[in-house]
Each structure stands twice: as C-alpha cells, then as structure tokens.
Number of protein chains: 2
Amino acid sequence: MALKKTPVNGMKDIEPEEMDVRMYVESVIIDTYTSYGFIPIETPCMEDIRNLMSKQGGENEKLIFKVLKRGEKLKLDQAETENDLVDYGMRYDLTVPLCRYYANHSADLPTPFKALQIGNVWRADRPQRGRYRQFKQCDIDIIGDGTALAEIDLILATTEVLGRIGFADFEIRINERRILKAMADYCGFPDEGFDSLCITLDKMDKIGMDGVAAELQKEGFAKESIDSYITLLDGIGLAEDGFAWLMEQLGDLLPADVIDRMAEIFEAVGETKKTNFELVFDPTLVRGMSYYTGTIFEIAMPDLGISCGGGGRYDKMVGQFTGHDVPACGFSIGFERIIMLLMESGFHIPTEHVKLAYLMERDLSVTLLTEVIESAQKARENGDEVYLTYMNKNKKFQKEQLEKAGYEIVEFYNTLDQRQVKGDLPWQNR
Amino acid sequence: MALKKTPVNGMKDIEPEEMDVRMYVESVIIDTYTSYGFIPIETPCMEDIRNLMSKQGGENEKLIFKVLKRGEKLKLDQAETENDLVDYGMRYDLTVPLCRYYANHSADLPTPFKALQIGNVWRADRPQRGRYRQFKQCDIDIIGDGTALAEIDLILATTEVLGRIGFADFEIRINERRILKAMADYCGFPDEGFDSLCITLDKMDKIGMDGVAAELQKEGFAKESIDSYITLLDGIGLAEDGFAWLMEQLGDLLPADVIDRMAEIFEAVGETKKTNFELVFDPTLVRGMSYYTGTIFEIAMPDLGISCGGGGRYDKMVGQFTGHDVPACGFSIGFERIIMLLMESGFHIPTEHVKLAYLMERDLSVTLLTEVIESAQKARENGDEVYLTYMNKNKKFQKEQLEKAGYEIVEFYNTLDQRQVKGDLPWQNR
C-alpha cells in the first residue's frame, strides 16, 4: 500500500512562497524584540502532562495532544483511563513552559527577565479556515517586574514589530481583570460566579450584549445584576471619557493602584509609540486564559474584524512552580494570522539578491562542469543565489517553472560557440 | 503539589548563551544554502504513524514518540496493542516527511527540487551526554536529479557552511552502497545476508575489524567470506590508490556507472571546493539508515573522533508515496554536535551592536519615564540593544548580572543633578 501523501488532519505543509514571508516576518520580530533587550530562549515541545493539565490553560487543556508512554512504563492491560497511558503532552502555549523554564533557571537570569520565544504549539481543535492544529506563536514576556513599565515595554515592542511589517491604524484594546471583577461586584454578581461570568462575557463580539444577557440569565444570574451590567456598559459608551466615568462609579471597589497604572500606560505609550495605532480602553475585553490576574490586552485589526494577538499579566503562575509568586506579563503575536493577512494582501518581501538558474546541457564534460561550478561560486560570493542544474528533456517547462519562481535563466552548452551565444560566464559581464 | 521545574527526561531547555550560537549558526546555514538555490520548506512535526513505521527508518522506528488518539477514535477498552491507541507519531528524521511533501506538491515545484529543512526531530533514545530526545536537524536534499551533480552540489554547499562557521581540516568520507554490495558478492556473502552484514560492518569504528569479524562469525557467515573481506580491506589499505585497486578487484561485479560517478564527484569537488577539507574514499563507511541506495557520505572531524553529519542517495523512497521512483540525495548537518563543539571551544559570535541596560530609579515620574523611553527608542534606531528597567533593591547584584550578560549600564535618577552625573541621555554623546 502506498504511503499517505497529505499532512495529518489539521496541520499543513509550508510551501516556498509562504516560507519566504514567514522567515522575513520572523527576522523582523527577532530584530525588533532583541533591540528591546528581550532574550531568545527555547524549551522542548513536550512537557510533563501534569504541568499541562494543572488548570492554567482553561479550555486548551481539553485540546492537548498526549504522548504515549514507552517501553515498560506502558502498562496497557492495567490502564483504566487515558491518563494512565501518557506521560508527556505537546505544549498548547508558550507561557506554561516559560514559567517552568524561569523556575528552573532563575538563578542564572537577569532580573527582570525579558524572554523572547518563537515556537510551535499544538491544539487538537476542530480544523477550520486559517486555524491549524500546529501553529507558531511569538511571545515576549517580562518576569519579575510588577510595575506598569512591563506593560509599556511589551506594547511598544509588539506594536513596533507590527509597524515594521507594514501594519498601521490598528488598535490595542486594553482592560484589567480587576476592573472586570469590580464591575461584577458593583452589579452584585456573586464571587463564585466570576469565572463563568467571564467565560460568557468573552462571547460579546460573537453574540452581542443581547446574546450574553440571555446566556447569563440561563446560567441563573440575577436579572438585576445583568441589567445593572448593561447600564454600566451603556454609561461608559455615553460618557465623554468612559474610563474616568467608570472609575468614578466603581470607586472603592477598585484596588488603589488600578487607575494610576492604567493612566501611566496610556501616557507613556501615547507619548513614545513609533507606530500609528490607537490604545483603547475596552471594558468588554476578557481574554480566554484563566491565568490572567491584571492588565489584559489584544491587537485588533478593525477593518478585518479579527484579533492578531494579545496577552496580559499573570502574577500567580510562576508561584505554581516555585511556591512563591513572581509578577509576570506577556504579549503574544498571532503569527499565523499575521502571515495569513500578508499572504492574502500579496505582500512582497524586499529582497536584494539576484536569483540565477544555471541550466547546463546534459552531456557536459567534467572539465566544463567544473568551470560552470566555479562561475556559480563567484556569483554566490557576489551575493547572488545560484541554482545549478542540468537541462531536463522538457526544457521549456523547466524554464517556465524556474522563471515563475523568480529565477533569471543562464544556459550553458558543451560547445564553445553556443556558450558564447547562449550563456557567457555571467560574472565576466558584471 | 508544586509543578515540575525540569524539562521532560532527555530533552533540554536552551539558555540564552547557547541560543545566540544556535541562531548565528542557523543564519549562516540559511544564507549559504539559499545561495546554492536550496528552498526552505517546513512540514508538521507529526506524521501519520503508518508513514513513520513503513520500514524506511531502520532502528529509528523503535524510538518513535507516539501520539494518543483523541475523542471517539480512542477506544481504550477495545485496544489490544499500543498501535490501536495511536494515530500520529513525532517524526524521527526530516527525510521521510520530505518525500511525503514532495509526493504531495511535486506539480508546483521546480525539477530538480532543492529543499532546505531546519527542524526538530524526536527519538526516544537512551539519554546520554550530548544526545537528546529532541534535537534539531538541518537537511538539504535534491529530488529529481540522478546525476553526480546532486552529490557535488550537496557536498560543496555543506562544506561551505562548515567553513563559514570556522571548521577546517575535516574529512568528508564517501562510499557507495553498490560498492559495499559488490564487495559482499566478491567475498561470497549471500544476497539475503547483505542487510545484516551492513549493520555489523557499521560497528567497525566502535569495535574494530576483529570485533566485526567475531560478530559476523557468530551470525553464521562463512569463515572464508569473512577472511576474504579482511584481505580486501587490507589490500585497499596497502595499495597506492586504494579506490582504483578495489575497482580492479571488483571488476564486473560493479554496475557500469559507479566508477565514473565517483571519479566525477572527486574531480569536481576537488577543483571547486571553497573550504579546506579532504574528500576521502572510505570502504568501511556504511551509514545506518536502510533507505540508502547509492552514494553515502559522512562528515568526520578526525581530531575529535566524531561524525558531524552525513547523508546519501535514496532513489527508492519517493516511490513509496507516489508509486514511481524519483532519484533523491540528501545531506544532513548534525546541528547539535556542531553547537556542542562551538560551545565547548568558547566560540564568540561576531556581533556589531552595543548592548545597553538603562536602570531607572524606582520612583521616576511618568514624565521622566517617557523621556527615558524616548532615549531608548533613539538608541534602538541607531542599532543598539536597550534593556530598560527599574533598579532592584539589590542594585549591585542586578548590575553584576547584567554586566555578565554583556550589558553596558546607564543609570537614570529622578533629580536633574544626578541624571547629569550618572546617566546623561546617551544618544547625545554619539
């Protein structure tokens, strides 16, 4: 039986044209983030399954690709549940591995530690357009800085990456988990219902306020609380300065530093940003992951109606590994979304070098072959890219394929006369 | 219970110092290989388990990390063997996925197709020094060229990478599976014993000829055949031109094109190589993978007694996916070995940019913070790397850590006087 030609369900081969764009974007990301002092690190793609299933990842924990135990550890006849069969899992994000990394290496790392990670993650989600089961994430995180400088640094660096790739006029929407909590308190939602309230509020952009209200009612929340929440959101919309108005309403329900922190972020980012984007307070922003504890943010491309990344503060996760909390904040670029947008917009990478295809007649003598290879070596030293090969039987099709791929064709024949006409050694003409 | 801080068994976190070296080497690899017209592609890290267990990978098939089926597909109560539980596996090399990729996309690709792949592979091997269960491979392959030009191109490109990283005076050892077969025929080894003969011969560098002879005898091969093999190897060693002498002995047992092909490779590589290395015929070279059909080669660092990569011709693998054979040849750099050697030699990367750590007093006003951020932005525009943060309580330790990491420290205080003394905005001095 012939082997299977297609990638496994929901994952994809990356073809040359897309690879070029990916490699270009990755180089801009690395250049920009390292200029901000973020330090590249890498962790294994697999983690201990207990680390992955520790209730940090919310819904993502249901989507883990699990790795079968090996050798004597696998006791198939004694296994009662699937968790008896597995010891490792594929990471579903880069944040849980980062916290493990930090816990493992903090003695060797500067404080605060600014990490840059670019790597694949895996989620066994239902495959759909533009969403794959293996996808790349690009995260920057600052561990050990509880001040607003962490948020400011992350937002400036990430928006500079987007600007350098060519995006403009997007929004960074920002909110605070503690504002969400104060709003819930203000409206009389019970403490123990906060997590499920957030999960429902997170659907706002898909099902609207009416849909959210209906769902909250179905979940058994009091009608007065829901109405009060709607009134609060309406009030923010109607006020000249929605943020200030909301802060006034919430008053003592808010921890003391929330307003100052948010004000500092708005002022510093507004004054120093190098890319044309809008920082917008969005009281409906929730973010899926349950590990967030403070500021949360999201990249919104309003024209396209999609989010291209996000992040926030998660001050309680490192403590799960070390036993004592360390403040942490991160921003993740939705790499695959960015690439999809660039590919769809017919993005062209600024390239400098010439691409040459040297096509040689098939019965070329070894002496002449050597001469042509030397010519190719010299062109490469000049910074050109040289694809060296023999002519196929169907030379016309071969040339069409190569021209389509951006190559300039140079032909080499076995007789001196033809060489002079068709393909004089090209470095001599430069 | 606290979560686990260490990576899973046999895999490793990559710390900043090593990351720098890895990223540098990767950039040299990409620059060099693309200058030869190799085109970057990527495939998913998981493949259908049936593709991975199709007897292409020899011993590596025993080392596959297998991925548990999910949802309804997993029928734990009906499973009899472990293969009933899994549908995917982690790739153990980049060659099997490449052939699947080629089979899936050949209509869109130039002929011959020159592929560059850099990616992780996984093998559940016994962990040992310098050998990990997740490791990076860098492969170039040429699919669709049956001529010696493929071998020549691969050897020139790979040795140029090694030269540009700083390696010299190494050897590329070369042999041919068809020469090995002719030698076996010459000595009277039976056809059906050839695979197991090769597996034993492959141990030559570990157990020596005596060990190999003893093992072959234990496997039941005729003493005359073994003696004859030893005499043949001795003869090669004693002859002035061992290759020519062996070819004479083997005579008609060799397919007609073997000698010409090898001669062409030696002449063209010898004349055009840009790195100082020796191409050496090695009749004891076997290579583990059972998929090789012709030329095989290996990078040997004689001073270090280790191999840093290898490859060869595998003309029968694409046919397993498409039903018709397409010639193919590849060369894989042992990325992890190269990195290990560089790290152990205290390799320093040529860097151009200045690394600055801006340390700010903790109660800095937002206005002054904004000013410092703007200073950092300008330094970044100049190509500097700026790590911006507040002073820790233990400022001395913080500075030591940062200086160790290569940063030049610039301090900012909240009063104008101190600023002028300790940390005048640095771009003004440039």
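This is a predicted model: local features need pLDDT of at least 70, side-chain atom pairs count only at pLDDT 80 or more; totals for chains, interfaces and linings use all residues.

I have picked a few of them.

Start with a pair inside one helix. Lys223(A) forms a salt bridge with Asp227(A), and their closest N and O atoms lie 2.8 Å apart. Why can these two meet? Both sit in helix 8 of chain A, residues 223-238, and they are four residues apart, so about one helical turn separates them. In general, an α-helix has 3.6 residues a turn, so residues three or four places apart point the same way.

The next pair involves two chains. Glu381(B) forms a salt bridge with Lys274(A), with 3.1 Å between the closest N and O atoms. This pair crosses between chains: Glu381(B) belongs to helix 13 of chain B, residues 366-381, while Lys274(A) lies in the loop between helix 10 and strand 8 of chain A. Glu381(B) is exposed, with a relative accessible area of 57%. Lys274(A) has 37%, so it counts as partly exposed.

Now a pair within chain B. Arg100(B) and Glu47(B) meet through their side chains in a salt bridge of 2.7 Å, N to O. Which parts of the chain does this pair link? Distant ones: Arg100(B) is in helix 3 of chain B, Glu47(B) is in strand 2 of chain B, and the two are 53 residues apart. Are they buried or exposed? Arg100(B) has a relative accessible area of 0%, so it is buried. Glu47(B) is at 2%, and it counts as buried because the cut-off is under 20%.

Salt bridges can also join up. In chain A, a network of them links Glu151(A), Glu176(A), Arg178(A), Asp257(A), Arg261(A), Arg313(A) and Asp315(A).

Last, helix 12 of chain A, which covers residues 335-344. Its buried residues are Phe335(A), Glu336(A), Ile338(A), Ile339(A), Leu341(A) and Leu342(A). What do they pack against? Their partners in chain A are helix 1, helix 4, strand 6, strand 9, strand 10 and strand 11. Just after this helix comes Gly346(A), which takes a positive phi of about 65 degrees.

That is the end of my part.

Note on methods:
Residues are numbered from 1 along each chain as its sequence is written. Chains are lettered from A and ligands numbered from 1 in the order in which they are written. Side-chain values use heavy atoms; hydrogens and water are left out. Buried means under 20% relative accessible area, exposed over 50%, partly exposed in between (1.4 Å probe, protein chains only). Contact means heavy atoms within 4.5 Å. A salt bridge is a side-chain nitrogen of Lys or Arg within 4 Å of a carboxyl oxygen of Asp or Glu.
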